[in-house]
Amino acid sequence: RNSKDKVRKTLYTMTESKGTRGASRVAQLRPGKSRQTGAARKAAQLGSNIESEAMDNLMGGMTSMWRDVFGQDDVALETTVVDSIGQRLTLHIDNVQGCGGQRHIKLFVPFWIVNTTEHSLRYKQENAQSLVSGTVSSLQRNGSKPVDGSNRNDVEDVKNASKSFLSSEGLQSMQLDTIFSGTPGVLTRLKSQGKLDPPMLACLISEDLPLNVVSKLAFMFNFQDVFSLGGPPRLCMQLFDSENNSPYTSSWSSGFGLESVGVTQIVGMHCKDGRSLEVSVSISVAPGRLSNYTKIVRICPRYVVVNQLSQPLR
């Protein structure tokens, strides 16, 4: 009889799957567990299979439930970042599911503003009361300061980073950083570096400014309220020196749209001392992959006078 039991046990073991045999052996080796008989082990196996099927059914039901509850409309399309003084900027999110189930997530803003003048300009949406994140209104209300209190946006740090990022020829030799709203334009910075010669000026205000230079100078902007009864939202500019180095301050300009790609607009600002300032604003689509997401707003002088005489003129 013992030999028949051994044969029966051997045949039964051969019919078991590897996973079942491994699970039964682990169960036998657990402390405090007694060896189970064949019938008890078979019952345990059946119970384990039933439990696995129940778990699969439960997980399948939960997956179906989540698919029913959360759809494409539940994916976040934007998020908001806040600077060190509470000013806000909305980042848009492009969230696309790939063929393999992975997701490609891109963060972007609809507008880059590049101030290639010598003036300190501020920007806001027409009729809006608040300013966009990163705006500098005074030495105390400086939205360009990092929220962690570090000094990584300070001039010396940016100079070192620019030297390592760019080469040393032509435009690439400029010490570049973001022209924040409320800070002087890039022409003022070039004057301080002693590099504002006519060829450099011509390259800087040309339409073919390299993307790596534009990206270093660009200030991120978005409209806070895109729904308006009067049509698309409009941008306003103001001549405003947050560093108190210039006596000229203007009122806010009239609003102008940012939809007309390829069209140059002339924007006027009336200074408080009776003078006026006009700048040229051109809008282009960002090159390459950025073209689906961002427009570049270039602000240039309307007129450029180059004095090549030995005597100063005014």
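**Asking "why" about rings, strands and a core**

This predicted model has a chain whose secondary structure comes to seven helices and 10 strands.

Me: Why is the pair of Phe108 and Tyr293 called tilted?

Reply: Take the two values in turn. The ring centres are 4.8 Å apart, and rings pair if their centres lie within 6.5 Å. The planes sit at 45°. Under 30 degrees would be stacked and over 60 would be edge-to-face, so what remains is tilted.

Me: What makes Phe108 and Tyr293 a link between distant parts of the chain?

Reply: Look at where they sit: Phe108 is in strand 3 (residues 103–108), while Tyr293 is in the loop between strand 9 (276–285) and strand 10 (295–301). That puts them 185 residues apart. Both Phe108 and Tyr293 are buried, too.

Me: And why is the pair of Phe221 and Phe223 called edge-to-face?

Reply: Their planes are 85° apart, and anything over 60 counts as edge-to-face. The centre-to-centre distance is 5.4 Å, which is within the 6.5 Å needed for a pair. Phe221 and Phe223 also belong to one aromatic cluster with Phe111. A search of the whole structure finds five aromatic pairs.

Me: How do you know whether Phe221 and Phe223 are buried or exposed?

Reply: Buried means under 20% relative accessible area. Phe221 has 2%, so Phe221 counts as buried. Phe223 has 8%, so Phe223 is buried as well.

Me: What about Val213: buried or exposed?

Reply: Val213, which lies in helix 7 (residues 211–217), has a relative accessible area of 0%, so Val213 is buried. Its C-alpha atom is separated by 7.7 Å from that of Leu176, 37 residues apart along the chain. For the chain as a whole, 34% of the 314 residues count as buried.

Me: What makes you say that a charge sits over the ring of Phe240?

Reply: The charged end of Arg122 is 3.8 Å from the centre of that ring, and the limit is within 6 Å. There is an angle test as well: the atom has to be within 35 degrees of the ring normal.

Me: Which residues touch the most other members of the largest nonpolar core?

Reply: Tyr123 and Met237, out of 44 residues in that core. Leaving aside neighbours within four places in sequence, the contacts of Tyr123 include Ile113, Leu131, Phe219, Phe221, Met237, Trp252 and Ile299. In soluble globular proteins, nonpolar side chains tend to be buried together.

Me: How do you know that strand 1 and strand 2 pair?

Reply: Pairing takes at least two bridges, and five join strand 1 (residues 78–82) to strand 2 (residues 88–97). The two strands run antiparallel, with Val81 opposite Leu89 in strand 2. They form a hairpin with five residues between them, and Gly86 in the turn has a positive phi of about 90°.

Me: What joins strand 2 to strand 3?

Reply: Six bridges, in the antiparallel sense. One place to look is His92, whose bridge partner in strand 3 is Phe108. This is the Phe108 of the tilted pair with Tyr293. Strand 2 and strand 3 also form a hairpin with five residues between them, and in its turn Gly101 has a positive phi of about 95°.

How values were computed
Residues numbered from 1 in each chain as written. Predicted model: local features only at pLDDT ≥ 70, side-chain atom pairs only at ≥ 80, totals over all residues. Heavy atoms only, no water. Phe/Tyr/Trp six-rings, centres within 6.5 Å; stacked < 30°, edge-to-face > 60°. Helix = DSSP H or I, 4+ residues; strand = E, 2+ residues; numbered from the N terminus. Buried < 20%, exposed > 50% of the residue type's maximum accessible area, 1.4 Å probe, protein only. Core = buried A, V, L, I, M, F, W, Y, C linked by side-chain atoms within 4.5 Å. Contact = heavy atoms within 4.5 Å.
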